[in-house]
Amino acid sequence: MNDKNPKSSSGKFRKWLKRKHKKKQPDPYYLQDELSDGDDFMEDIYVSSLEIDPCTSTNELRIFVGTWNVAGRAPVGSLAVDLEEWLKPQDAVDIYVLGFQEIVPLKTRTVIGAEDPRKATNWNLLIGKALNESSGCPWLTPMLNPISSDSYHYVRNPGLEKGASFSAICDNARMRGKPITQHRHHQQAVIGGSKYKLMASKKMVGVFVSVWMKEELATKYSVSNVKVSSVACGIMGYLGNKGSVSVSMSIERTSFCFIAAHLASGEKQGDEGRRNHQVSEIFKRTSFPRSAKDEHNLHPLTILGHDRIFWFGDLNYRLYNLEDNLARHLIQKKDWKALQEFDQLRREQEDGGVFQGWREGNIEFAPTYKYSSSNCNRYSGGVPSRSGEKQRTPAWCDRILWYGKGVKLLSYLRSEIKFSDHRPVSALFSTQIEVNKSSNPRIFSKDTIVPNIMPPEQIIFPLQGTSGNYEEGKATLLSLIVKDTEASSIHTQKL
C-alpha cells in the first residue's frame with residue numbers, strides 16, 4: 001500500500017482530515033465518496049491515524065554516555081576531581097550512562113570468587129558526588145547500613161502518583177528479607193535533595209554500569225520497567241572477566257537499552273573473531289524477563305527489541321595490519337582519517353562480521369590505549385622500548401555505538417585523565433521520547449477502532465447490527481466519524 005500516493009485510500013483519508021479541520025461542517029456525501037476504496041479501508045484508517053497521533057508528542061532528552069577502563073584501580077584520591085572533569089556536570093544533560101571496565105583487578109580470586117559489592121557502592125558514591133556537588137546540590141554520604149549491592153534499581157511505588165517516588169530494590173543477600181519501606185527510607189537518606197538520581201546499577205566482576213537521571217525528570221516522566229542483565233563470556237566462555245552488564249528501561253512510551261561491555265583482548269590476527277563471537281553471545285544471552293507484575297506493562301525482552309540502544313565499553317578492537325612505527329607516526333601527525341583506514345572495528349562492520357547497521361561518531365581524537373602508566377602521556381612500547389613495558393600498538397579500544405531511530409550525536413571525544421592506561425571516552429546524544437498527552441474522553445482508543453488481534457472482517461462485525469452486512473458496517477463507522485468532526489481529533493494510539 002503506497003500511502004504517499006494521493007490517489008490511494010490512505011492519501012484520500014489524510015486529505016479529508018486536513019479538510020476536516022478547515023471546515024466546520026464537512027459534506028458526509030463527499031466523505032463517503034472519498035473513502036470507498038474497498039477492503040483496505042480499515043487498514044488505511046489505522047495507518048493514517050498512526051501518522052497523525054494527536055495524543056502523543058515527542059520531547060527531547062540529552063544523554064551522556066561514557067566508558068572508561070580504570071585498570072583495576074580503586075576510586076580514591078584525586079579521582080573525584082578527574083570524574084568531574086570527565087563528566088563536566090551541566091544542566092543540559094538529562095541522563096548520565098556510565099560504563100566501566102576493570103573496576104577490580106582481573107585476578108583469579110576476583111574472577112572466580114564471590115562478588116564484592118563494596119566496589120560498586122564506592123563508585124556510585126563517587127559518581128553521585130561528582131554529579132551533584134558540582135551543581136550545588138547536597139550529596140549525603142550514608143553513615144548507617146550503606147547500600148552494598150552489586151546490582152540494584154528503582155521501581156515506582158504503585159501506591160503513589162506518577163513520578164512521586166522510587167524504591168530501591170537490592171539483590172544483596174544481606175538486604176533480602178527487609179521490608180521495601182526500609183530500603184526506600186535508607187535510599188532517600190542517601191540521595192535526598194540531589195539533582196541526579198541513581199536509576200540503575202549493575203556489576204559483574206570488573207564490568208560496571210551506572211545510570212543517573214535528573215530528579216525533576218524522574219518526577220515529570222513515567223519511568224518504568226527498569227531491569228538489569230549480565231552476560232559472562234570470558235574464560236571458557238562463561239567466566240566474568242569479559243562480558244557485559246546491561247540496563248533496560250522505559251521513559252514514557254520509548255524503551256532504552258544500555259550495554260556496557262569488555263571484550264577479548266589481543267592484537268594477533270584472528271583475535272577479532274573472538275571479539276565478534278562475544279558480541280554475538282551478548283546479543284543472544286542478554287534478556288530482561290517479565291514477571292507476573294508485568295502482565296499489563298510489557299517491555300522488550302532482548303537488546304534489539306528496544307527503541308534506542310547504546311553499546312559502549314572497552315571493545316578491544318585494534319589497528320589491523322599496521323606497523324607500530326607507522327601507527328605512531330600517523331598519531332603524531334594527528335592524521336585520524338588515515339589511521340581509521342586500519343581500524344579493525346570499522347573493517348569488521350563493513351565486512352558484516354559485527355554490529356551491522358550500528359552507528360558510531362567520526363573519531364577525531366587519538367587512540368585511547370595503551371598508555372605507559374598512570375600519570376603518563378606516553379604510549380606503551382615503541383622503539384626503543386623501556387624495560388618491562390608491554391609492546392602494544394596504540395588503538396581505539398574504547399568505543400560508543402548506537403542503534404535505532406530518533407538519536408542524534410552531538411559530540412564524541414576523549415578526556416585527558418591519566419588515571420589508568422586507558423583514556424575515558426564520552427558521547428553526548430540528543431534523543432526523542434514519545435510522551436502521552438493528557439487524556440481526552442472524546443478520543444477513540446485503539447481498541448475502539450482497530451483491535452490489533454482481529455482480522456478486518458471481525459473488526460467491522462460489532463458495527464454490523466443484525467444484518468451482518470459488511471457495507472452496512474462500513475457506513476455505520478463512517479457516520480460515527482462524521483458525527484465526531486467537531487471533536488479536536490480522531491486518534492488511534494500506536495501499538
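Buried, in this tour, means under 20% relative accessible area, exposed means over 50%, and partly exposed is in between, using a 1.4 Å probe and protein chains only. The model is predicted, so local features need pLDDT of at least 70 and side-chain atom pairs count only at pLDDT 80 or more, while totals for chains, interfaces and linings use all residues. Residues are numbered from 1 along each chain as its sequence is written, and side-chain values use heavy atoms, with hydrogens and water left out.

**Whole chain**

Start with the protein chain in a cartoon view. Its secondary structure comes to 15 helices and 13 strands, where helices (H or I, at least four residues) and strands (E, at least two) are DSSP runs numbered from the N terminus. Of the 495 residues, 53% are buried. The accessible surface is about 23,600 Å², and carbon and sulfur atoms account for 50% of that surface; these areas come from the Shrake-Rupley method with a 1.4 Å probe, and for residues only the protein chains shown count as cover. A contact means heavy atoms within 4.5 Å. Among contacts between residues at least 6 apart in sequence, 71% join residues at least 24 apart.

**Nonpolar cores**

Select Phe 100 and Phe 310. These two have the most contacts inside the largest nonpolar core, which has 80 residues. A nonpolar core is a set of buried Ala, Val, Leu, Ile, Met, Phe, Trp, Tyr and Cys residues joined through side-chain atoms within 4.5 Å.

Which residues are in contact with Phe 310, leaving aside its neighbours within four places in sequence? They are Ile 63, Val 65, Phe 256, Cys 257, Phe 258, Ile 259, Leu 401, Trp 402, Val 407 and Phe 429. A second, separate core has 19 residues, among them Cys 257, Ala 261, Ile 309 and Leu 401.

**Helix 4**

Next select helix 4 (79–87). Its buried residues are Leu 79, Asp 82, Leu 83, Trp 86 and Leu 87. Viewed down the helix 4 axis, they fall within an arc of 120°, so they line one face of the helix. The arc is that of the directions from the helix axis to the C-beta atoms. The cover over these buried residues includes strand 1 (56–69), strand 2, helix 6 (117–133) and strand 13. Lys 88 follows helix 4 and has a positive phi, near 45°.

**Asp 94 and Lys 214**

Now show side chains at Asp 94, in the loop between helix 4 and strand 2 (95–101). Asp 94 forms a salt bridge with Lys 214, with the closest N and O atoms 3.8 Å apart. A salt bridge is a side-chain nitrogen of Lys or Arg within 4 Å of a carboxyl oxygen of Asp or Glu. Lys 214 is in strand 6 (residues 207–214), and the two partners are 120 residues apart. Both Lys 214 and Asp 94 are buried. The whole structure has 17 salt bridges.

**Helix 9**

Move to helix 9 (residues 271–285), which holds Glu 272. Glu 272 is buried, at 12% relative accessible area. Not counting residues up to four places away in sequence, Glu 272 touches Tyr 317, Tyr 320, Gln 344 and Glu 348.

**Lys 370 and Asp 421**

Select Lys 370 and Asp 421, whose side chains meet in a salt bridge (2.9 Å, N to O). Lys 370 lies in the loop between helix 12 (344–350) and strand 11 (398–403), and Asp 421 in the loop between strand 12 (407–414) and strand 13 (425–436), so the pair ties together parts that are 51 residues apart in sequence. Lys 370 is buried, with a relative accessible area of 12%, and Asp 421 is buried at 15%. Then select Asp 343, Arg 346, Glu 360 and Arg 399, which salt bridges with shared partners join into one network.

**Helix 10**

Finish at helix 10 (residues 324–333), whose buried residues are Asp 324, Ala 327, Leu 330 and Ile 331. Down the helix 10 axis they fall within an arc of 125°, so they line one face of the helix. They pack against helix 11 (336–340). The face turned away from the buried side carries the exposed residues Asn 325, Gln 332 and Lys 333. Lys 334 follows helix 10, with a positive phi near 60°.
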